[in-house]
Amino acid sequence: MKCAQVKNKLIFYYYGDLDESQMRQIREHLEQCPTCRREYNKLALALDYANTEAQMSASGDLWNKINQRIAQTSSKKVKILWLRSVETIAVAAAIALAVFIGSLIGRVYIEQSYQVANDHEIYDDYENLIETFSNFNQTAYLVFDDN
Amino acid sequence: MDEEILVKKLKARDQKVFQDFVNEYKDKLFRLAMGFVHDSFLAEDIVQDVFVKLWQNIDSWELGNAKLSTWLYKVTVNHALNVVRSKKKTSNVVDISQFVRESDDGGIEIQIPDNEKNPHNKLENKELAGILRKAINTLPKKQRIAFVLRQYQNMSSKEIAEVMDLSVSNVDVIIHRAKKNLQKQILKLMK
């Protein structure tokens, strides 16, 4: 076999992929040809290292590391869910408080307006005024509910 | 354990079954990842990520899909390829003069370092790992995956075909080309 033919098949020789006759011809050629032998040795050095890598094992504590990460991920998820719940409750409470304060202010304002109207005898139908305010308040709650 | 029972137990968050499953596959996945990254720390990170992902997504796993082990190999390959893509290092040509010496008959011998005796072993292995990483990563994607599955998992063409969704004959052709290209690349890098 000539050098060019051998060089084309070095890796297949390394892996034993060739038929018996070709394996023998290349083996004989390598014994006689230092140039091809040098090429083969370089190739074999790298491929031997690949074989070493292919026999390596993961570290013994890999399971502990995985277990730890799973636990961390789970606690993070719980924390996020808890924060989201607290956030929702806080927003709802703030809105309810704002509505409550708004209705208090509204009631005080109407009572004062009634007082002024009564003083000036412009508006003496207090019941009518309260009804108007209640209707307004209900509408406000409906709008709030829609949102 | 039957795969159906295994998946049911994993979905039920059975830690003991999961631990056994991890112990069964951790070395296989580690070697597979090594075939792409050639760095034990990175390979371990990849394996951790794959198992955490499995634990988190097992609820959406449906029987009738590919085998769980095939899924693990696919995810490991994809994750390792992403890691390789994000890591660009090492020079093209590596000096191997330290391994080479003149033999008695005037030829050249390359000595593989003895792990026990050689204090510089780690550095030399690093260089070889660099050569392999460079050489394997220059292969086209399919050739790279097929070669690593064969070399680092000792998988048959049929098993590789399952992982890569290819025909067996196609896998054989791809591996043949991969080896040819790899020889070219390794010899180029070890000039």
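Helices (H or I, at least four residues) and strands (E, at least two) are DSSP runs, numbered from the N terminus. With that in hand, load the model and set up your labels. It is a predicted model, where local features need pLDDT of at least 70 and side-chain atom pairs count only at pLDDT 80 or more, while totals for chains, interfaces and linings use all residues. Residues are numbered from 1 along each chain as its sequence is written, chains are lettered from A and ligands numbered from 1 in the order in which they are written, and side-chain values use heavy atoms, with hydrogens and water left out.

**Stop 1**

Select B:His38. You're in the loop between helix H2 (15-37) and helix H3 (40-57) of chain B. Most residues other than glycine have a negative phi. B:His38 is also buried, with a relative accessible area of 6% (buried means under 20%, exposed over 50%, partly exposed in between; 1.4 Å probe, protein chains only).

**Stop 2: helix H7 of chain B**

Now pick residues 157-164 of chain B, which form helix H7. Colour its buried residues: B:Ser157, B:Ile160, B:Ala161, B:Val163 and B:Met164. Look down the axis of H7(B): those residues fall within an arc of 165°, so they line one face of the helix (the arc is that of the directions from the helix axis to the C-beta atoms). An α-helix has 3.6 residues a turn, so residues three or four places apart point the same way.

What covers that buried face? Show helix H4 (68-86), helix H6 (141-153) and helix H8 (168-189) of chain B, which are among the cover.

Step off the end of H7(B) and you land on B:Asp165, in the loop between H7 and H8 of chain B. Phi is positive at B:Asp165 too, near 55°, again in a residue other than glycine. Is B:Asp165 buried or exposed? It is exposed, with a relative accessible area of 58%.

**Stop 3: salt bridges inside chain B**

B:Lys74 sits in helix H4 of chain B, and the pair links parts of the chain 91 residues apart. B:Lys74 is partly exposed, at 24% relative accessible area.

Next, select B:Asp59 and B:Arg13, another salt bridge at 3.2 Å between the closest N and O atoms. B:Asp59 lies in the loop between H3 and H4 and B:Arg13 in the loop between helix H1 (3-11) and H2 of chain B, so the pair ties together parts that are 46 residues apart in sequence. B:Arg13 is partly exposed at 30%.

**Stop 4: the A/B interface**

How many residues of chain B are in contact with chain A? The count is 43 residues of chain B against 36 residues of chain A, contact meaning heavy atoms within 4.5 Å. The chains bury about 3800 Å² between them, 65% of it on carbon and sulfur atoms (buried area is the accessible area, 1.4 Å probe, that two parts lose on being put together, summed over both). On the chain B side, B:Gln151, B:Lys179 and B:Gln183 lose the most area to chain A, together 15% of what that side buries.

The rule finds 3 salt bridges across this interface. One to display is A:Asp17 with B:Lys179, at 2.5 Å, N to O. A:Asp17 is in the loop between helix H2 (10-14) and H3 of chain A, and B:Lys179 is in helix H8 of chain B. A:Asp17 is partly exposed at 41%, whereas B:Lys179 is buried at 6%. Also try A:Arg69 with B:Asp49, at 2.7 Å, N to O.

**Stop 5: chain A on its own**

Chain A has 6 helices and 0 strands, and buried residues make up 26% of its 147 residues. Select A:His29, found in helix H3 (residues 20-32) of chain A and buried at 11% relative accessibility. Leaving out residues up to four places away in sequence, A:His29 touches A:Met1, A:Lys2, A:Cys3, A:Val6 and A:Cys36.

Notes
A salt bridge is a side-chain nitrogen of Lys or Arg within 4 Å of a carboxyl oxygen of Asp or Glu.
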